[in-house]
Amino acid sequence: MDLRGALKKSFGYDEFRPLQEEIVTDALAGRDVFALMPTGGGKSLCFQLPALLRDGLTIVVSPLISLMKDQVDALQTSGIAATFLNSALDRDEAVARLRRLHRGEYQLLYVAPERLMLDTFLERARNWNVAQIAIDEAHCISEWGHDFRPEYRELKKLRRHLPDVPIMALTATATERVRADILKQLDLSDPRCYVASFNRPNLSYRVVPKSAPYQQLLAFIRGRPNDSGIVYCASRKTTDSLARNLSEDGVKAKPYHAGLTVRERTQNQELFLRDDARVITATIAFGMGINKPNVRFVVHHDLPKNIESYYQETGRAGRDGLPSECALLFSASDVVKQTHFIDEKSESEQRIAREQLRQMVHYAETRECRRATLLRYFGEEYDQPSCNGCDNCLTPRETFDGTIPAQKFLSCVHRICAKSGFGFGLNHVVEVLTGADTQAIRQRRHDQLSTYGIGRDLKRDAWQAIGRELLRLGLIECAPGKFATLKLTKDGLDTLRERTPITLTKQIDISQQRAKGGAGEIECDEALFERLRTRRRKLADERDVPAYVIFSDVSLREMARAYPTTASEFRRIPGVGAQKLKDFAKPFLAEITDYLATKPRQTFTGALRSRRRHPGLNDSQSETLRRFRNGESVDEISRTRGFVCGTIYGHLVAAIERGEPLAPDRFFTAGEQEEIAGAFRQTTNGNLGDVNALLAGKYDIGQLRVFRALATHA
């Protein structure tokens, strides 16, 4: 069977992604399959392609109505007979689709688990020549998973109701324990198990100390003016307030949480999917299975409960394989909030939740490679010395000789245990070190310990960070259970007695707003890319589907590199299958031909590749710098990129501040430089408003910012 030919014809791709071909082959052979592949790794194709190559119906179990419609829209655009059944359909439409199912007119059917497991529905399904059942988001069946859903438990009855139908279970997030539980619950028969790498090389990771979170978030989003993103929050209240504030500050943002009506949630999600809202602020209620490939950033405004949730939520960025960013705003107060939530759980739930939180805090505070830390959690080793895609690898955290403070902390833990006969929690140890006057300290007479008050030279949060790092280093350990008391390990006791030197990590400087480095977008003709995006949006609106259903950004960028002008050239673009060639070649070729009538072709050497971003600059700033160095003026860049001149000046100021050499005469004549310098000399603090007033508004504020940056960083 020509699998690659079918792949190109139906989906427009010449090559399979890792493990896809093996999984498709096993599915066509009628085997049960378990597939764990990262978000964006191509899970859907593993059951969609076999559905096209054999007789019968493939039933896809999907947890969300929005995901069903999204997937079916994409399949139908590619000329594939697919449908869904859910509560969003009126009775007449549902009956019409059931009739077509009985006539065997569909190849794929998407359905929610609770509907599938109705006895009446299963009775009907026996007459539909079901060839395979694919269970998406299969981790929902496990109580050990981070997103357990009781309705998924019923799926274990499928083997009894449809004993001869092969089952494929797919997920993007599952530890070894969850994987084993999925296989057991679904009663898979001698399954072929495929586990892809958890690594998402196109994602960059960084943790930013949370100081003024809204201002930090706004600056982050404004620095990416053309990008879509998700902001995850811990509460509905924060979700609503962030969306409202961002909208008032000119960022099209919508909230999404379980407190909204179904209509409001659906409407806000549709606005986001269609790029009418650039940012969605959301609780964890949003995102499972969201197939929006051009999400360029995911920001966690609050600390997630566990690493599995964090990994899955960050995985919604960059599904198209293009570089995308994941940022976490972190503060110790978030840890305290999560601890209060945990205290309200049962004792058995507390034990698991505390351990999960400890691992999440370890990720946030570690000085090791964040990618390696994430992968290790899922049982995968990352053997590269640097990932070049996280803040710790690109701007390594500073360390210091922490022997003395570590000795103080270890000694305090040891003496508290010796005095009381048992350990106390981290906060109590810190209060003893800092000489706090609390009832607990007086009652236990811990104010009489020799370590009482010996840590007054450091603030509480610094001592808490030291305590958490000593936990990570294995010198102290935390007892399981509600009170999480501390005691020294054997290594900790030896370190204390032998005064072993200890290296600790400095807390992150609040001014470190950006991780340096990272990969830029795929190199292409940016002006043509923007025109193709506009054409794609128009076609999508006409068909009432999200823009990415027409073509992904990857496809558009390749068009803007290769400049196809004939149908045979167009069909070589990734993502152009037979149906899309038929439907969309004409409008896109016309756009490219029209563009080339007035603009020269650019040359891009080598294969499709990612351009390196200038250190410290984001993609948009790097693009402005590249154009400016190629001779374009600020006005020309502004018109071509669709930004106001102030934004372009801001990009160039960022470049100057990061050491990029730019000549003053590109901005000002000698006379202008002298005039502006004189105005700056007349002000006491270099305030741009005062300088602008002295110059009678002759210059743009952005120009004055550039002048100040050039003078400061000369």
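Reader: What makes β9 and β11 (residues 279-282) paired strands?
Author: In this predicted model, four bridges join β9 to β11, and the two run parallel. Pairing asks for at least two bridges, so the label holds. Within this pair, Val 231 stands opposite Thr 281 of β11.

Reader: How do you know that β9 also pairs with β12 (residues 295-300)?
Author: The same test applies: β9 and β12 share five bridges in the parallel sense, and at least two are needed. One of the contacts to look up is Tyr 232, whose bridge partner in β12 is His 300.

Reader: Why is β9 called mostly covered?
Author: Five of the five residues in β9 (residues 228-232) are buried, and buried means under 20% relative accessible area. In a regular strand, side chains alternate between the two faces of the sheet. Here both faces are covered: Ser 228, Ile 230 and Tyr 232 are buried on one side, Gly 229 and Val 231 on the other.

Reader: Why is Leu 98 called buried?
Author: Its relative accessibility is 14%, and the cut-off is under 20%, so Leu 98 counts as buried. Leu 98 belongs to helix α5 (residues 91-102). Leaving out residues up to four places away in sequence, Leu 98 touches Leu 85, Arg 124 and Trp 128. Leu 98 and Trp 128 are 30 residues apart in sequence, with 9.9 Å between their C-alpha atoms.

Reader: Which residues have the most contacts inside the largest nonpolar core?
Author: That core has 106 residues, and the ones with the most contacts inside it are Leu 108, Leu 116, Ile 133, Ile 135, Leu 155 and Leu 158. A second, separate core has 28 residues, including Leu 556, Tyr 563, Val 576 and Phe 584. In soluble globular proteins, nonpolar side chains tend to be buried together. As for Leu 108, residues it touches include Phe 47, Leu 52, Val 60, Leu 75 and Ile 80.

Reader: What makes Arg 192 and Asp 26 a salt bridge?
Author: Their closest N and O atoms are 3.4 Å apart, and the rule asks for a distance within 4 Å, so the pair qualifies. The pair links distant parts of the chain, with Arg 192 in strand β7 (residues 192-195) and Asp 26 in helix α2 (residues 20-28), 166 residues apart. At 34%, Arg 192 is partly exposed, whereas Asp 26, at 6%, is buried.

Reader: How do you know that Glu 591 and Arg 535 form one too?
Author: The N to O distance is 3.0 Å, and the limit is 4 Å. Glu 591 is buried at 12%, while Arg 535 is partly exposed at 25%.

Reader: Which residues are linked with them in a network of salt bridges?
Author: Arg 296 and Asp 320 are linked with Arg 536 and Asp 553 in that network. By this rule the model has 39 salt bridges.

Key
Residues numbered from 1 in each chain as written. Predicted model: local features only at pLDDT ≥ 70, side-chain atom pairs only at ≥ 80, totals over all residues. Heavy atoms only, no water. Core = buried A, V, L, I, M, F, W, Y, C linked by side-chain atoms within 4.5 Å. Buried < 20%, exposed > 50% of the residue type's maximum accessible area, 1.4 Å probe, protein only. Contact = heavy atoms within 4.5 Å. Salt bridge = Lys/Arg side-chain N within 4 Å of Asp/Glu carboxyl O.
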